[in-house]
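Biologist: I have a new model open on my screen and I'd like to learn how to read it. Could you walk me through it, one feature at a time?

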Amino acid sequence: MLETYKAGTRVILNTEPDEIEATISTVAIHVGDYVQYECVWWAGASRSRDWFSESDILEVVSEDKEKRKIGFHQ
């Protein structure tokens, strides 16, 4: 079982030297149970997206801050 934030969760990301408020659009689970989040945000008139690890998330700003459990049957 893994615990992840769900797509649609609003977060504040640590993107040195700034912080960005973004929305999680995709959750990816990699080999070794490594979780990454694709996050999107607006910078002026352009929309940006990039992949972040959980350690890059400074704060969850959505009302629903709980992680979701996900598991697989083998």
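Biologist: Let's begin with Arg 49: how does its accessibility count?

Modeller: Arg 49 counts as partly exposed, because its relative accessibility is 44%. The label follows from cut-offs: buried is under 20% relative accessible area, exposed is over 50%, and partly exposed is in between, with a 1.4 Å probe and protein chains only. Bear in mind that this is a predicted model, where local features need pLDDT of at least 70 and side-chain atom pairs count only at pLDDT 80 or more, while totals for chains, interfaces and linings use all residues. Residues are numbered from 1 along each chain as its sequence is written, and side-chain values use heavy atoms, with hydrogens and water left out.

Biologist: Which side chain does Arg 49 meet in a salt bridge?

Modeller: The general idea first: side chains of opposite charge can pair when their charged atoms come close. A salt bridge here is a side-chain nitrogen of Lys or Arg within 4 Å of a carboxyl oxygen of Asp or Glu. For Arg 49 the partner is Glu 38, at 3.1 Å from N to O. That pair links distant parts of the chain: Glu 38 sits in strand S4 (residues 34-43) and Arg 49 in strand S5 (residues 46-53), 11 residues apart. Glu 38 is buried, as its relative accessible area is 11%.

Biologist: How many salt bridges does the structure hold?

Modeller: The structure holds 5. One of them joins the side chains of Lys 6 and Asp 64, at 3.6 Å from N to O. This pair, too, links distant parts of the chain, with Lys 6 in the loop between strand S1 (2-4) and S2, Asp 64 in the loop between S6 and S7, and 58 residues separating them. Lys 6 is partly exposed at 39% relative accessible area, and so is Asp 64, at 27%. Another salt bridge has Arg 10 meeting Glu 21, again with 3.6 Å from N to O. Here Arg 10 lies in strand S2 and Glu 21 in strand S3, 11 residues apart.

Biologist: What polar atom does the backbone nitrogen of Arg 10 lie 2.5 Å from?

Modeller: A polar atom of the Ser 62 side chain. Ser 62 belongs to the loop between strand S6 (57-60) and strand S7 (68-70). With a relative accessible area of 8%, Ser 62 is buried.

Biologist: How many helices and strands are in the protein?

Modeller: Helices (H or I, at least four residues) and strands (E, at least two) are DSSP runs, numbered from the N terminus. This protein has 0 helices and 7 strands. Of its 74 residues, 32% count as buried, and the C-alpha trace spans about 45 × 25 × 20 Å along its principal axes.

Biologist: Which residues gather in a patch of negative charge on the surface?

Modeller: Patches are made of residues with over 30% relative accessible area and no salt bridge; like charges are joined within 9 Å, and nonpolar side chains (Val, Leu, Ile, Met, Phe, Trp, Tyr) within 5 Å. The negative patch consists of Glu 16, Asp 18, Glu 19 and Glu 59. Glu 16 is in the loop between strand S2 (10-15) and strand S3 (18-30), and Glu 16 is exposed at 67% relative accessible area. The C-alpha atoms of Glu 16 and Asp 56 are 9.8 Å apart, although 40 residues separate the two along the chain.

Biologist: And which residues make the nonpolar surface patch?

Modeller: Val 27, Ile 29, Ile 70 and Phe 72 make it, over about 330 Å². Among them, Ile 70 is placed in strand S7.

Conventions
Areas by Shrake-Rupley, 256 points an atom, 1.4 Å probe, with all protein chains shown as cover. Lys, Arg positive; Asp, Glu negative; His and termini not counted. Charge placed at Lys NZ, Arg CZ, Asp CG, Glu CD. Polar contact = N/O pair within 3.5 Å; in protein donor to acceptor, adjacent residues only side chain to side chain.
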